[in-house]
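Here is my note on the model you sent. Please read the points beside the sequence and the structure.

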Amino acid sequence: MSRPRAERTLLKDHWVVDPVSRRAGVATIEVHSGKVARLEWRDGVVEARRAFIEGAEPGPKDPKRLVLPALVDLHAHFRQPGAGASEDVASGEAAAAHGGYGAVALMPNSEPAADHPALLRELTRTTAPRGVTLMPIAAATLGRAGRTLAPMAELAAAGAVAFSDDGNPIADPALFRSALITAGALDLPLIEHCEDPALTQGGEAADGLVATALGLRPWPAAGEISAVARNIALLRDAIRDEPRARLHLTHLSTDAALDAVRAARAEGLPITCDITPHHLSLTDAWIAGDQRWAWEYSEQHQASLTPTADAYNTNLRVCPPLRDASDAAACRAALRDGTASAIATDHAPHSREKKEVEFGLAANGIAGIETALSTLLAAHAAGEFPLSLVAALLTTGPAAVLNQPALARGLAVGGPANLVVADLSATWVPSRKTLIGRSINTPLLGKTLTGAVLLTLLNGEVAWKAE
Ligand SMILES: [Zn+2]
């Protein structure tokens, strides 16, 4: 596509939140020649700083148009090469722009796996027509098979921003330790999907009341916790050999695993973790057809376990599985207290063939890059997160995990105009019509979401604009 030139864009009196300069409030932004040419805070800079720190929200008379720096995703699957029927770089990039994203790190779960420098170069050479920055995460082991380390130095030279065998946790502890040390020596993080397959084999839903009521094979919380505990122990050991080793645990989903990370961080270990939009906002009760946000449960109002006509929706099959309201609450608490520092979409598009099957046979994954911001804004509207935290978790947080400060330059005057404008009061319904990714495997289909992306500008040009 050829992008319409937006020589000059004026965003007058919007609610602007910039986690880089740590300012928030009503401001006017002028974009000119691809850059932020002017940024004026209505109540002055000092007040904007105070508003950010205090988590100020737009009042009844304030504008409902929100401006954030363009979002950063540290974990997405664009399925190229290998599964173009589900997604490719072009369709994934379009979906990202619709979601308000300006930079996306791509997991190496392609076919073949991204374990070869030529494949990474191919990916970075693929020009993203909408201007989204695409960053390859390279496989940590050849073929993501967990037997031999990938040529990590060459992969780093070819542009890898991290290493991961996502989906295939590195089972061999010695190999995991070597991967941590080698990645650390290259000053790159190792990103690990924490799962012990000996405990989770065949698991279809979180071990608990919903799985029992629906007759689904259980995926126990221990399957995540034991892997997290082992990986922390190996990190503690590895940093004695390579102090630059860094471990990032992706899509954590259980209270106990997050507690382990909290303790490891308190100990000073170089460990970070992220949470997906779905694990903080949905519960396993959705599989029974009870479609409430996770924060809508109270002691008095527990999940309904009687399957409705919407039960067994395979768009809810995801790994790790959706859990109960208390684990989802623990995910949100971890984001609030800094234990988890980023939202990662784990955008995992799957074609209809892979989802229109029996629940236990469906491919794992949710296509979530187009609904992440709306989901976070729903949590914000429910009082779960201030906008200043939402902004940080979607921009500076993931950029810091990837050690890519250039991705999070905020809204500084003279800097590139990479920003997203959302309407906090507008509603939209995810559907085949409104989603633009190739696959629409999201459980949010048909649900009315409040907070819609109106405009994504990348280097001042329109990457996505609502009609
Ligand atoms: Zn994963």
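Are Asp166 and His251 buried or exposed?

1. Both Asp166 and His251 are buried. Here, buried means under 20% relative accessible area, exposed means over 50%, and partly exposed lies in between, with a 1.4 Å probe and protein chains only.

2. A word on the source: this is a predicted model, in which local features need pLDDT of at least 70 and side-chain atom pairs count only at pLDDT 80 or more, while totals for chains, interfaces and linings use all residues. Residues are numbered from 1 along each chain as its sequence is written, and side-chain values use heavy atoms, with hydrogens and water left out.

3. The zinc ion is coordinated by Asp166 (OD), His193 (ND1) and His251 (NE2), at 2.1 to 2.3 Å. Asp166 sits in the loop between β8 (162–164) and α5 (173–185), and His251 in the loop between β12 (247–250) and α9 (255–266), so this pair, 85 residues apart, links distant parts of the chain. Donors are N, O and S atoms within 2.8 Å of the metal (3.2 Å for Na, K and Ca); water is not among the atoms, so sites may look incomplete.

4. The chain contains 16 helices and 17 strands. These are DSSP runs numbered from the N terminus: helices are H or I with at least four residues, strands are E with at least two.

5. On overall form, a compact globule of 467 residues would have a radius of gyration near 23 Å, and the 21 Å of the chain agrees with this. The radius is taken over C-alpha atoms, and the globule rule is 2.2 Å times the number of residues to the power 0.38. Along the principal axes, the C-alpha trace spans about 55 × 55 × 45 Å. Of the 467 residues, 59% count as buried.

6. Contact means heavy atoms within 4.5 Å. Among contacts in the chain with a separation of 6 or more, 74% come from residues 24 or more positions apart.

7. Ala150 lies in the loop between β7 (133–138) and α4 (152–157). Why does Ala150 count as buried? Ala150 is buried because its relative accessible area is 5%. Leaving aside neighbours within four places in sequence, Ala150 is in contact with Asp115, Ala139, Ala140, Thr141, Leu142 and Leu155. The C-alpha atoms of Ala150 and Gln291 are separated by 42 Å, and the two residues are 141 apart along the chain.
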